[in-house]
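Dear colleague,

I am passing on the structure that follows, and I would be grateful if you could look through it alongside the notes below.

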Amino acid sequence: NGHASLDRSTPRLLEAIACHIHEARALSALQAILDLWYYALAIGAAAAVPARVAIMACPMAPSAGFFRNYLNWFITSMAWLVADWFGWRAALSVYPPLLRNKVAIVTGANAGLGLETTKALLQQGATVVMACRSMQAAATARQEILADARNAGPVPDAAGRLILLHVDFEDFATIPKFVEDFHATGLPLHLLVNNAGIHLKPHKKVSCGFERTIASNFFGHFWLTQLLLDDLKAAAPSRIVEMSSFVENFGLLGLYTRTLPWHDLRGATLPDSGERAYTLSKTYILMAARELARRLEGSGVDVITVHPGFADSTWYLKSDNKAYLFSWLVAKVRSVVPWLGVGQPCTTGAISTIYAAIAPELQGSTSSVASKGVVDSICRALFGGRLKYFGPHYIIQNCFNAFPRWATNPWNYNKGACVRMYESALDLIQQVQQEMGMQQQQQPAGGVGQGDGVGAVGDGAGLPAGKEGGAIDGSRKRKGGAAAVVNGYGEQPVPAA
């Protein structure tokens, strides 16, 4: 299960807690009490490690295998629980490098949750492609990551394992260009983290008339995933991590998603880029993820959805304080108390994403289609499955970040609607390709798209030929040698770019 180094994990766990104590700000009385509680949990988890050693060393232990598996589960579960307060480093301290010779793409990797996810994957030994809108911000983030020796992990050449590539989900022409640039590196792909997103930004129509929130959060990532499905299948076992949000819960209350605008999935008629646009985009993600998971069953590609809870990311720095009440309130509070965080810090908000990306126990399963248990069986019979994903509970926010919970929006349990959403998104890809092709034909000589290959269409880079499979046809030519089998799992070494 990847826990070969658990017996040596205690010092790293205690070191992570000590670093948190050293770096923590002044705490209120309640926070101090919670700190003491989590310290007790950490000590209990650490004490279980020598207990495991003692049990396994006793030749007369009748159920050593049971105790070993139980304690492994207990230690990792407690580590993720402790991480809710101390950050993701506390949880990863009990794991060996699980992503050695693996390649990951993280969108929006230069700030917020994406930045923390990139640090964690790099520490676990992965080669991480930082897919960012601003290359200047990406270069700054890369320097920040490399400046902290903790992010390098035990795998050498951390600088060589961070690759910057440009993509802007408000400019659809950059999506096929990003895939082309990624294929030029000759790297396989084992993990795709669709993290990037926006919230409450000034209203704007972007490529092909899409509302910017739906374009950035849902459609751009959907198209990117379709373009990379062949790569993920070739490198199986692999994963796709989709970023949803607890706002899908609004659908249970009849807010924002009581009806879906099937006639306008682009959001072109939305009057603003407020909560309705954001809630629609996150609901679309869950619906499409459920259908994608169904189509990929048996392929070795797992689809895992997460939500970060209420995280103190950078979204409010770019939101429209004049148009949206929530943005205005956040701005006012932070103007009075600049150091006050908005929700849990990103070091804990990224836990659900990091867990979904690295946890060995999730291999071969998918969080989007439930298959075990009496309730799951009933839901599968009635609804075709029960939509499960990882993140804090809605009632108790910012706790149990690495634990599963169930979606509540009724649309997530409408199998026919999920299929329709997926098929409609595939149709949108075709429409966008056609519209982009028309725009390129009208582009004057010397303009973008005439000779640089950006957003080229008609070359097999866009929509899969068969919708039901949801995969891109055609083989990819890569640099480097043939794939090798490592530890019996078909892991591929990272070829030189």
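**Salt bridges and the nonpolar core**

Glu435 and Arg266 meet through their side chains in a salt bridge, with 2.8 Å from N to O, where a salt bridge is a side-chain nitrogen of Lys or Arg within 4 Å of a carboxyl oxygen of Asp or Glu. Because Glu435 lies in helix α14 and Arg266 in the loop between β5 (238-243) and α9, the pair ties together parts that are 169 residues apart in sequence. Glu435 is partly exposed, at 25% relative accessible area, whereas Arg266 is buried at 13%; buried here means under 20% relative accessible area, exposed over 50%, and partly exposed in between, for a 1.4 Å probe and protein chains only.

Please bear in mind that this is a predicted model, in which local features need pLDDT of at least 70 and side-chain atom pairs count only at pLDDT 80 or more, while totals for chains, interfaces and linings use all residues. Residues are numbered from 1 along each chain as its sequence is written, and side-chain values use heavy atoms, with hydrogens and water left out.

The whole structure holds 13 salt bridges. One of them joins Arg212 and Glu170, whose closest N and O atoms are 3.1 Å apart; since Arg212 belongs to helix α8 and Glu170 to the loop between β3 and α7, this pair ties together parts that are 42 residues apart in sequence. Arg212 counts as buried, at 7% relative accessibility, and Glu170 likewise counts as buried, at 7%. A further salt bridge, at 2.8 Å from N to O, is formed by the side chains of Arg295 and Glu423, and because Arg295 lies in helix α9 and Glu423 in helix α14, it ties together parts that are 128 residues apart in sequence. Salt bridges that share partners also join Arg133, Asp168, Glu170, Lys204 and Arg212 into one network.

As for the nonpolar residues, the largest nonpolar core has 60 residues, of which Phe172 and Phe210 touch the most other members; such a core is a set of buried Ala, Val, Leu, Ile, Met, Phe, Trp, Tyr and Cys residues joined through side-chain atoms within 4.5 Å. Among the elements that each supply at least two residues are β1 (103-107), α8 (212-234) and α14 (415-442), and α8 gives the most, with 11 residues. Helices (H or I, at least four residues) and strands (E, at least two) are DSSP runs, numbered from the N terminus.

With best regards
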